[in-house]
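Please look over the model shown here before reading the notes on its chains, domains and confidence.

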Amino acid sequence: MKNAASLLIIAVFLSIWELGARLYGKAFILPSLIQIFIRFWELKEVLLLQHLPVTLMTIVIGLAISIISGTALAVLMSSRPGVRKALYPILIASQMIPIIALAPIFVLWFGYTIWSKVAVTVLITFFPITVNTFDGLSSGKKEIQELFLTMGASKKDIFYKYSVPTALPHFFSGMKVAVTLSVIGAAIGEWLGAQAGLGYFSRRMMTQFDGAAVFAPIFVLSAVGIGLFICVTIIENRTLEWRSKN
Amino acid sequence: MLAFDDVSFTYQSGNSILDHLSFNILPGEFISIIGVSGSGKSTIFRLVTGLDEPSEGTISLEGNQNSLRLGKVGYMPQQDLLLPWRTILENACLPLEVAGLDKKAAREQVQPLLEEFGLGGTEHNYPGELSGGMKQRVAFLRAVLSGNSLLLLDEPFSALDAITRLSMQEWLINQWEKRKSTVLFITHDVEEALFLSDRIFMLQNKPVTSFVEIEVPLERPRTRNDLHRAEMLDLKELLIRKLRSEVTP
């Protein structure tokens, strides 16, 4: 078992939690794991059929927008030095803006629709995808580009046959960060104002001092994050099968 | 085949590398360019392939003056520069794909050549699974598949171990005789140059104004033993002495 150490740490952590929660005995502040699970089971239909699809929708739309616009911007920056010089510093600086503080403004702009949540998700997933893809596109070796030139290759040939495959591993690194952040983004978006979604549900339960029901959707959110991460890893390993052979 | 006519090359920094250099290579010749590091070997290569343009003078390829040279010369770089995400077959197909052939046609054309180049059975392997010598064979095949009769080999065996290197030299000579291509071969190894070449151009002085040209007095086919003849040993001694005088300790 290659992940034995991680599993052990998780088991120890969860045991301490269970033990601590029982000793503490205030379920509205720190529910025990068993209480959370029981509450999850009671709420499973509401959580999985009513709120999960809403959050998933936000995540999927947000990620799709980030992937399309992020890679497009990365390609533009790598092919036009002028664009890179103008936009790269701005892109980095944009990460200094506390997005969580900015989020209420999206509610102001987009109202309580799905788009205010999507906007938060896009804002935090856009950066890792763009920067990683850009770094990947610029990581090509000059010697190989020159070799392509001696074959009479056009810029398009070099881009599709060299730059894109070179950038793919970097793109997937960006994706792994982005899918994890997308769950956070969607949840934050929902806190600020929503009628449905796991983040919204968790916050609503907080006002009712139902500790176990606050945690139950958080576990579902974590599972979504882990699931997305595994998906990206599987696609990565399929696409970059050659890496295992070199 | 290839002619340099009064070619000068100066870097943007004002550093002059070539100064009115002229030479001529005939079809089917095997020419080595030998010189110490920084003597201008790679500048000549960049000029021949068309990656750089001369500051003065003209370079003509197969009689065509000043035509675009990119894509007209088969180039085999010092490191194999194989693409790790392409299999051996796909790597070899690259120049054909660049030339506009579709993947299937390219494969059909390359497949039979793999055997001929001693690469049979490796077509679905990735470069990382091959030894250094095998990778250089792929790189050479890729240069040949550019479809050009002038091949430029830039110290192709310098990263190989001594034994592999010797067998690769013999392999290269066989391939050259079979395909009747013209080879311009860069090396800093005197013995390698003597074994392989018809003529050797030695770079001296900086900027380079002319080559010291040596005709190798050996018939083909050659064997390693030919290198041990008295006249060859003298020639080798002479070349090494000249090269050494270029190195400033």
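The briefing below covers the confidence, the chain contact and the domains.

This is a predicted model, in which local features need pLDDT of at least 70 and side-chain atom pairs count only at pLDDT 80 or more, while totals for chains, interfaces and linings use all residues. Residues are numbered from 1 along each chain as its sequence is written, and chains are lettered from A and ligands numbered from 1 in the order in which they are written.

**Confidence**
- The model scores ipTM 0.90 and pTM 0.87.

**Contact between chains A and B**
- Counting two residues as in contact if their C-beta atoms, placed from the backbone, lie within 7 Å, 15 residues of chain A are in contact with 18 residues of chain B.
- On the side of chain A that touches chain B, α6 (142-150) and α7 (155-192) of chain A each supply at least two residues, and the largest share, seven residues, comes from α6(A).

**Domains of chain A**
- Chain A is divided into domain 1 (1-30) and domain 2 (43-245), with bounds that come from an automatic or database domain assignment.
- The C-alpha centres of domain 1 of chain A and domain 2 of chain A lie 30 Å apart, and their contact takes four residues from each of these domains.

Key:
Helices (H or I, at least four residues) and strands (E, at least two) are DSSP runs, numbered from the N terminus.
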